Amino acid sequence: MTGTLVNVAAIIVGGSIGIIFRKKLPQKTIDVVFQGIGLVTFAIGISMFLKSQWLIVVVLSILVGGITGGLLQLNTRIQQSSNRFREKFKGTGENFAEGVTTSFLLFCMGAMTILGAIDEGLGNGSELLFTKSLMDGFASVALAAALGIGVIFSIVPLFIYQGSLTLLAIYLGSFFDTAIINELSATGGVLLCGLGLNILNVTKIKVMDLLPAIIYALIFAYIYSKFI
C-alpha cells in the first residue's frame with residue numbers, strides 16, 4: 001500500500017502547514033477561508049452526484065444508510081468522542097469532528113481514490129495515488145487552515161478505507177467496474193453537499209449518521225448491475 005502511505009504523509013505535511021498558517025491568520029481571514037471551503041465542498045459534491053447513472057441506487061443508499069446511522073447514533077457517538085478528545089488535547093478547536101469528516105469525504109470519495117487503490121491492488125502501480133497525494137497535500141493546507149487539526153486526523157479513516165480497497169482489489173478486482181465506482185462517488189457527493197451546507201451554516205445535517213450510505217452504495221450498485 002505504498003500509494004496510500006504516501007497519501008497519508010502528504011496530508012500530514014499539508015495539514016501541519018495549514019495549522020501553522022491558521023495560528024498566524026486573523027480570525028476574519030479564517031472565517032472567509034472557512035466559507036470558501038464550504039462553497040468548494042458543496043460544488044464538488046454536486047459534480048460527483050452528477051456522475052450517477054442509477055439514481056435509485058443513490059436514493060436507496062442514502063435512505064437505508066440514514067436509517068442505519070440513526071439507529072446506531074453515529075453522529076452522537078462521534079461528537080461525544082470528539083468532545084472527549086478536545087478535553088484531553090486543548091486547542092483542537094470546535095470543528096474537530098467536522099474537520100475529520102469533511103477531509104475524509106473530500107479525500108476518499110472521488111473516482112481517483114477508488115481507481116488508484118484498485119490499480120495498486122491489481123499490481124498496476126501507484127501512479128494514480130501518487131498524483132492524488134500531491135493534490136490532497138495542497139488541499140489539506142487550506143482545509144487545516146479553516147478546520148484545524150481534525151484534517152490531519154482524517155488520515156485514520158482514510159488509511160482504513162483506501163487500504164481496504166487495495167486489499168479487496170487483490171481478490172475482487174472485477175467487482176469494481178466503472179458503473180459501481182460512479183454510484184459510490186455520487187453517494188459520497190450527496191454527503192459532501194450536506195457538509196458544505198453545514199460549513200456555510202445554512203443548516204445542520206447529521207452527515208455522520210449518513211456515512212453507512214457509502215457501504216450500501218457498493219452493495220446496491222452491484223446488485224442493480226446484475227439486473228439491468
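This is a predicted model: local features need pLDDT of at least 70, side-chain atom pairs count only at pLDDT 80 or more; totals for chains, interfaces and linings use all residues.
Let's begin in the interior. In soluble globular proteins, nonpolar side chains tend to be buried together. Here, the largest nonpolar core brings together 48 residues, and Leu105, Tyr161 and Ile214 have the most contacts inside it. If you want to see which helix gives the most to this core, look at H10, residues 178-199, with nine residues.

Setting aside neighbours within four places in sequence, Ile214 is in contact with Phe104, Leu105, Met109, Tyr161, Leu184, Thr187 and Leu191. Two of these partners, Leu105 and Tyr161, are also named among the core residues with the most contacts.

Ile214 also leads us to the largest pocket. Rolling a probe the size of a water molecule over the atoms shows where empty space is left. In the largest pocket, that space comes to about 610 Å³. Its lining is made of 24 residues, and those nearest the centre are Ile78, Phe104, Pro157, Leu211 and Ile214. Two or more lining residues come from each of H3, helix H4 (74-88), helix H5 (96-108), helix H9 (155-172) and H11.

Next, the aromatic rings. A pair of aromatic rings is described by the distance of the centres and the angle of the planes. How many aromatic pairs does a search of the whole structure find? It finds three. In one of them, the ring centres of Trp54 and Tyr224 are 5.1 Å apart with the planes at 50 degrees, so this pair is tilted. Trp54 sits in the loop between helix H2 (27-49) and helix H3 (55-72), while Tyr224 belongs to helix H11 (residues 213-225), so the pair links parts of the chain that are 170 residues apart. Trp54 counts as buried because its relative accessibility is 11%, below the 20% cut-off. Tyr224, at 31%, is partly exposed.

Another pair stays within a single helix. Tyr216 and Phe220 both lie in helix H11, four residues apart, which is about one turn of the helix. Their ring centres are 5.7 Å apart and the planes meet at 20 degrees, so this pair is stacked. Tyr216, with 22% relative accessibility, counts as partly exposed.

A search of the whole structure finds one salt bridge. Asp136 forms it with Lys132, and the closest N and O atoms are 2.6 Å apart. Because the two residues are four apart in helix H7 (residues 127-147), about one helical turn separates them. Are these two partners buried or exposed? Both Asp136 and Lys132 are buried.

Helix H7 also holds Leu128. At 30% relative accessibility, Leu128 counts as partly exposed. Beyond its neighbours within four places in sequence, Leu128 is in contact with Met112, Leu115, Gly116 and Asp119.

Finally, turn to Thr4 in helix H1, residues 2-24. Thr4 counts as buried because its relative accessibility is 0%. Apart from neighbours within four places in sequence, Thr4 is in contact with Glu120, Leu129, Phe159, Gln162, Gly163 and Thr166.

Terms used. Residues are numbered from 1 along each chain as its sequence is written. Side-chain values use heavy atoms; hydrogens and water are left out. A nonpolar core is a set of buried Ala, Val, Leu, Ile, Met, Phe, Trp, Tyr and Cys residues joined through side-chain atoms within 4.5 Å. Buried means under 20% relative accessible area, exposed over 50%, partly exposed in between (1.4 Å probe, protein chains only). Contact means heavy atoms within 4.5 Å. Rings of Phe, Tyr and Trp (its six-membered ring) pair if their centres lie within 6.5 Å; planes under 30 degrees apart count as stacked, over 60 as edge-to-face and the rest as tilted. A salt bridge is a side-chain nitrogen of Lys or Arg within 4 Å of a carboxyl oxygen of Asp or Glu. On a 1 Å grid over the protein atoms alone, a cavity is a set of points where a 1.4 Å probe fits but cannot get out, and a pocket is an open set with protein on both sides within 12 Å along at least five of seven lines; lining residues have an atom within 4 Å of a point. Grid points are joined across faces, edges and corners, and a volume is the space filled by probe spheres set on the points.
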